[in-house]
Every structure is written in structure tokens, then in C-alpha cells.
Amino acid sequence: MSEHLKEEVIIPFLDGRLSAAERAPLQAHLAACAACRAQVDELRAVVGVLGEWPAVAPSPDFDAALRARVSEETPHFVSLYHDLPLIERMALSWRAASWRSITAHALAWAIVISMGFWGWWANSPAPAPPPVPAPPAVAVAPQPRPTPSPVQPEMNGSDELAVLDNPEVLDNFKLLSEFGILFEVEEDKEEGKTL
Amino acid sequence: MGPAVAKSDEELMLRLRAGEEEAFDVLVAKYRAPVIHFLYRLVHRREPAEDLAQEVFLRVYRARKSYRPTAKFSTWLFRIATNVALNALRDGRMRHEREMSIDADAGVMPLAERLPDAMATAEQALVERERRAAIRRAVDALPEKQRLAVLLHKYQEMDYAEIAEVLEISESALKSLLFRAYETLRARLKPLLGVRA
């Protein structure tokens, strides 16, 4: 007896999609092998039984509902765009640019440096007031030095890196340093979702 | 010349890309039923199947500007439909619908069954309903890829190359996948074989 049917030919055989040359040896085997014949007969019956599961007719208003959704598309997206925060609108605009990665990083660094400079400038000690004549000597108890605010770290004006201790600046730095990467992640997600 | 004149699906998409909105209507009219049938067999109820079908066609519409006829339109369409359905099933949106739909075919019976002729008895109707429920459960219990392969092969009657492309597997892998799926169904549906409803 010839060898049993290979699994990858059985369904094409049942579908009638084998050529005469491919079909002939299978038919010869089936004539001689009761087990394979029974298997093929049952598979044919299964395919027939599956046909008993009926389909549904589309609702008469399907097209109208779809058309309504399609017509909403453009204004929908325009309004969504304008509802976005500035940073996200910037991100959407930048997606279209092929040079976004390089420029985004350059911009991010420019902003971080500007903010660092601003932080340094804003926290620099004010110019010393003009000298005032000394009051008469009075014994004064020494006052405790005020505790610096945890939000605004004390700056001595000479350490520019100290600005990075400012949580607000750090948050912006993290956000901006990930700016370019976020676009690529978003783009990958979108490509994956499109299909 | 309008899009109603016989055109390939790919030509219609190119016309839609060029701004001919009527081309979209022609594509929807052609594929509305096959897409809904496919999604219905995945989610088991008409209303959510139609919601998903609308999402599928919306995605086609949104992609019109970037459309390139690199694959058959129907392959592309069913790949979108597959992804939309699987996303919905995985994120739980359709779980409730599927649970609700078990043995609840009454709402989707074809007209011929809703208006049984004089020979049809209540018992026959019950047997048919039980058979349909058994078939649906058996298909539903298949692994995801096998289930999709069977739906596209048996109910959409796609050719192997197209199904393989939708499922992103080779044609020979598809033939083996189909064989294993039908073998599983053969075991599960054995009580129904050879017994007509």
C-alpha cells in the first residue's frame, strides 16, 4: 500500500484544487486504505455540516450609519486636533517631518539650556543695596538661618548644574529628552494598528 | 465614466484616493455582507458585528490617501477586519456579547427558518438550533489562527494564497493549519456527522 495522505494535501483534495496528476495517486491510495478513506469522508462531512451555520443579513440602515460616520471624519479630527494640548499638537505636526529626530533633539537641548540659564538668572542674588550708615550698636541675639525652600533650591550663582535639582526643570528635561523617541514609538504603534 | 462601471477593487480604491467618494460606496456595497458575515462568526451577534464592520470600512476610508495597490484589496480588507475583530475580542469589548450569544440564535435566524413551512415541527427547529449551537461552539473552541483560517476558507471561500496573506503565514503552513482545524472539528462534531437535521 502507498503511504498515507499528507496533511497538507487533504484539504486541497477535498476542495478539488489538485491537478489531475496530483489527484491520481491520492485516489489510488484511498481505494486501498480504508482508514484514510474514512478520514477523508468524515472531513468532507464536517465541511458540509459547517454550512449549517447561517450568516446574517446586514441591517438596512448599515450604509446610512456608515456614511454618517464617514462624513463626521474630517470635522471630528479637526476638533480633536484643536482640543489637544500645545505640546501634543506640536508632536503631531512634527510627525510629518522626516528630519524631526535631529531637530527635535536640538530643540529639546536648546530649551533645556535656556531654562537652565533662566533658572540661574532668576535665582541669582539681587545687587547689594547702597551702604546705610551703621545704627548704634545694640546687642541682638543671633537669628537662625532660614531653611531653603525644597522647591527652589538655594543657588549660589556659580554652580549652573544646581538648576537640575529643580524638579520642574528636571521634569521638562525628561519630557523633552524623550521627545524624539516618543514620535517613533507612536509611529510604530500607529503602523501596527493601521492594519 | 463613473465608478459603477465594473472596475477592479484596486482601481476603485485609487479613484477614492483621487477624491471620488462614490467609489467608496461601490466597495462598501460589494464587501458589506462578506465583512459582516465574517465578523458575525467571530463575535456571534449582528449589532456588534456591524459596529466592527463600520470600523473596518472607516479604516479603509481613512487610509485612502496613503493607499498603494500592493496587495489584493480583499486581502487588505480582511486583514483589517481580522485585526479589528481580534483587538475587540482581546480587549474584552466583545466578551460580553459572545457570552450573551450562546444558544441565542433566535434573533438572527434566516427568513426561511423564521417562517417554517407546514412540515417543519417545533422539534426539528429545536434540533437545528442545537446543531448550530454545537457547530458554533466547536469553531469557537479552535485556537485563534485555526478559527480564522476556517472562517476565511469555509465561509469566505478565499483561495489559499489570499488566506495565507491575511494570516501572514506561508501557503503550505496554511494547508496544514486547515487540516489540523478540520481534524479537531471532525472529532468535536462527530455526533453530528451523517445525521441530517
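**Salt bridges, within and between chains**

Okay, let's start with a network: A:Glu42, B:Glu183, B:Arg186 and B:Lys190 are linked by salt bridges. By salt bridge I mean a side-chain nitrogen of Lys or Arg within 4 Å of a carboxyl oxygen of Asp or Glu.

Quick housekeeping. This is a predicted model, where local features need pLDDT of at least 70 and side-chain atom pairs count only at pLDDT 80 or more, while totals for chains, interfaces and linings use all residues. Residues are numbered from 1 along each chain as its sequence is written, chains are lettered from A and ligands numbered from 1 in the order in which they are written, and side-chain values use heavy atoms, with hydrogens and water left out.

One of its links is A:Glu42 with B:Lys190, where the closest N and O atoms are 3.3 Å apart. The pair joins two chains, because A:Glu42 sits in helix 3 (residues 34-50) of chain A and B:Lys190 in the segment after helix 10 (171-188) of chain B. Helices here are DSSP runs of H or I, at least four residues, numbered from the N terminus.

So how open are these two? A:Glu42 is partly exposed, at 22% relative accessible area, and B:Lys190 is partly exposed too, at 44%. For the cut-offs, buried is under 20% relative accessible area, exposed is over 50%, and partly exposed is in between, using a 1.4 Å probe and protein chains only.

How many salt bridges are there over all chains? A search of the whole structure finds 17.

Now let's stay inside chain B. B:Lys30 and B:Asp9 meet through their side chains in a salt bridge, at 2.9 Å from N to O. B:Lys30 is in helix 2 (residues 21-43) and B:Asp9 in helix 1 (residues 9-17), so this pair ties together parts that are 21 residues apart in sequence. As for burial, B:Asp9 is buried at 9% relative accessibility, whereas B:Lys30 is partly exposed at 47%.

There's also B:Lys7 with B:Glu11, a salt bridge with its closest N and O atoms 4.0 Å apart. B:Lys7 counts as partly exposed at 23%, and so does B:Glu11 at 36%.

Last stop, a residue from helix 4 (residues 73-90) of chain B, namely B:Thr82. Is B:Thr82 buried or exposed? It's buried, with a relative accessible area of 4%. And what does B:Thr82 touch, leaving aside neighbours within four places in sequence? It is in contact, meaning heavy atoms within 4.5 Å, with B:Phe38, B:Leu148 and B:Val166.
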